[in-house]
Amino acid sequence: MKLIEKTGRTYFRISLLALIISGAIVYFALSYIFRRALNENLLSDIDAVSRTITEKNILPSYFPYIEVKETTGRTNAEDRISDTLIFDRDEQESIPFRQIRRVISANGKTYLITARDTLPENSDLAITIAFVTGVVLILLLLSLYLANRKLSLRIWRPFYRILADLKRFSYNDPGFTFSPAGNLEEFIELKSDLEILTGKIISDYRMLKRFTGDASHELQTPLAIIQSKLETLMQLNDLKSEHYELISSAYTQTIRVSRLAQTLLLLTKISNDQFPDRQIVNISVITEEKIIILSESYSEKQFTIEEDIKPGVNIETNTFLFESLIMNLLTNAFRHSASHATIEIILDENEMIISNSGPAPAFDTEKIFDRFFKGDKSSSTHGLGLSIVKEICSVNNWEVRYIYENGRNNFIVSF
Amino acid sequence: MKILIIEDEKELLVTIKKYLESENYMCETADSYFAAEDCLSVFNYDLIILDLTLPGGNGLDLIELIRERNKQAGLLILSARDSLEDKITGLDMGADDYITKPFHLAELNSRIRSLLRRRHFDVSNELIFNDIIIDTDSGSVYINGQKAELTRKEYDILVYMIVNRNRVITRDALAEHVWGDNISYADNFDFIYSHIKNLRKKIEKVNGKNYIHNIYGIGYKFTDE
């Protein structure tokens, strides 16, 4: 629910309640005042009638408003006020009346004077009041709505601007700033808190990146020493096969760590945007070239490779990054395919699809692009290849997604 | 052949020095910017191996000095800084080649040889091992007097093996040499086996000798022993 809607609803509820209460008060007040005025009129009517009887000895009669009857009742009794219904022949319905009765003695006789006047029907009064209240409610709400709109447009504007800024916040964007907060204290506070928060995120992210980069970089020299020592060691004469076994194992693992460090360094560099050199690259040629190189390395698996590569597709990107992208995607497809699988590569200006036949993955494919994620935990790979793919796509504003469809694992890059 | 190795990591410096000395190069070493400056201002070298990250100064600044004092020297840059910019700057400033840490000693040896040959030092353009003669200018291979038809990859492997003869050559180093940067994506070296198998067959067909020996779990040794 939007703020303006929420406040609107609250205003509506409160005004409705207030107007109902005030309507009831108005109703009771009006009917009270009306009856009092009616009583006073009726009393003055009776006074006038009794004066006429006493002074002129005339018995006025104007049914149903004035009625005079001779009676035997006591004269010192109080006036009796009551409501009554009198049938109106013209309108064929009973009409409510208020009547006051008084017994007077005049000229030696006793008279009962009844003065009546029509009472307004309660429902008429109620309808009128409800109508007026309704009109007031509508006017009130309309003005509230307009005021609210104007308020949210003007007063809340900095808030919405800051919100929009926050949405496009990226820890990668060095020039990120918030829009002005206006002169309201709350928004100024909000903005400064958010600035502290985003500043912290950016600096943490940078520190993490620098750390990864530095750590990978610092690993290279010791690894170079280990590697060269092992190479020197394996040149010694009189080594037995068990020595070679040990050296070989140490050597293989050294190379593995060194590749891992290099890959982490590459990931950091990509996300640091350290490949600014962009040119028009014929990606069809690169793709075909890399397919040949990898097919050779995997020739013993006897894959069927189907290519649908549109010739001469040119894209503005960094050559090295595109090579890394295609090599990682191809290696992924080749590596995870069983012998005799079909690997398909489709490329045109809009997208590139690399797919391989095989069973559906048994792991959560949402994580497939995560760093160090390995579908097969026992695999000797480091699980960074697809993270690199994702990172390269992200710096190029491309989209990469994975889907399993018709017995094929598809990686789709949309340029 | 006199080589100056400028490298601040003593362990690495010693290993490189020993390795190159066993290849019959004369080696001198410098482990800092200033030591390198001293060496360069006094002596002449045929080849300089330069690490870019040095205590006391930036290795890139030394390139200028080297080009001033040792115009004819071959210059091979060696650095953990595998960033593209450093590589381009280094090569622009007059370095002949660039190799990044960690590297295979066999690869270093191969690069040094081809660099010296490119710079026309008295390194013959003929690579000879017993009855195998390779003319590295034309890329022709003669075994036992007969011209052998080798594929590009077989040729590269053979040259690499002869340059690093009598030494254990790891499969990784060989694959990296032949495959270049793409090697980091390979997870098996079966493709190397098939090239080696074919190469071995082609040599044996002509002279009946098997020079390529398997070294268990590691790689190969090209030797007639």
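Hi everyone. In the second largest pocket, α5(B) gives the largest share of the lining, 3 residues. Before I go on, please keep in mind that this is a predicted model.

Let me stay with that pocket for a moment. The second largest pocket holds about 470 Å³ of space. It has 19 lining residues, and the closest to its centre are S22(B), E23(B), N24(B), N109(B) and V163(B). If you sort the lining by class, you get 7 nonpolar, 6 polar and 6 charged residues.

How many cavities of 30 Å³ or more does the rule count? The count is 1, and this largest cavity has about 50 Å³ of space. Which residues line the largest cavity? From chain A there are E231(A) and Q235(A), and from chain B there are Y19(B), L105(B), A106(B), V168(B), I169(B), T170(B) and A173(B). At least two of the lining residues come from α5 of chain B, and at least two from β12 of chain B. The top contributor is β12(B), with 3 residues. By class, the cavity lining splits into 6 nonpolar, 2 polar and 1 charged.

That brings me to the interface. Here 39 residues of chain A are in contact with 34 residues of chain B. An interface's size is often given as the accessible area lost when the parts come together. For chain B and chain A, the buried area is about 3500 Å², and carbon and sulfur atoms give 55% of that.

What about the polar side of things? Between the two chains, 12 residue pairs are in polar contact, counting pairs with both residues at pLDDT 80 or more. On the chain B side that touches chain A, at least two residues each come from α1 (10-22), α5 (105-118), β12 (168-170), α7 (171-179) and α8 (190-207). The residues on that side of chain B are 14 nonpolar, 9 polar and 11 charged.

How many salt bridges does the rule find across the interface of chain B and chain A? It finds 2. One pairing to look up on your screens is K153(B) with E296(A), a salt bridge whose closest N and O atoms are 3.4 Å apart.

Key:
Residues are numbered from 1 along each chain as its sequence is written. Chains are lettered from A and ligands numbered from 1 in the order in which they are written. This is a predicted model: local features need pLDDT of at least 70, side-chain atom pairs count only at pLDDT 80 or more; totals for chains, interfaces and linings use all residues. Side-chain values use heavy atoms; hydrogens and water are left out. Contact means heavy atoms within 4.5 Å. Buried area is the accessible area (1.4 Å probe) that two parts lose on being put together, summed over both. A salt bridge is a side-chain nitrogen of Lys or Arg within 4 Å of a carboxyl oxygen of Asp or Glu. A polar contact is a pair of N or O atoms within 3.5 Å; within protein, one must be able to donate a hydrogen and the other to accept it, and residues adjacent in sequence count only if both atoms are side-chain atoms. Helices (H or I, at least four residues) and strands (E, at least two) are DSSP runs, numbered from the N terminus. Ala, Val, Leu, Ile, Met, Phe, Trp, Tyr, Cys and Pro count as nonpolar, Asp, Glu, Lys and Arg as charged, and the others, Gly among them, as polar. On a 1 Å grid over the protein atoms alone, a cavity is a set of points where a 1.4 Å probe fits but cannot get out, and a pocket is an open set with protein on both sides within 12 Å along at least five of seven lines; lining residues have an atom within 4 Å of a point. Grid points are joined across faces, edges and corners, and a volume is the space filled by probe spheres set on the points.
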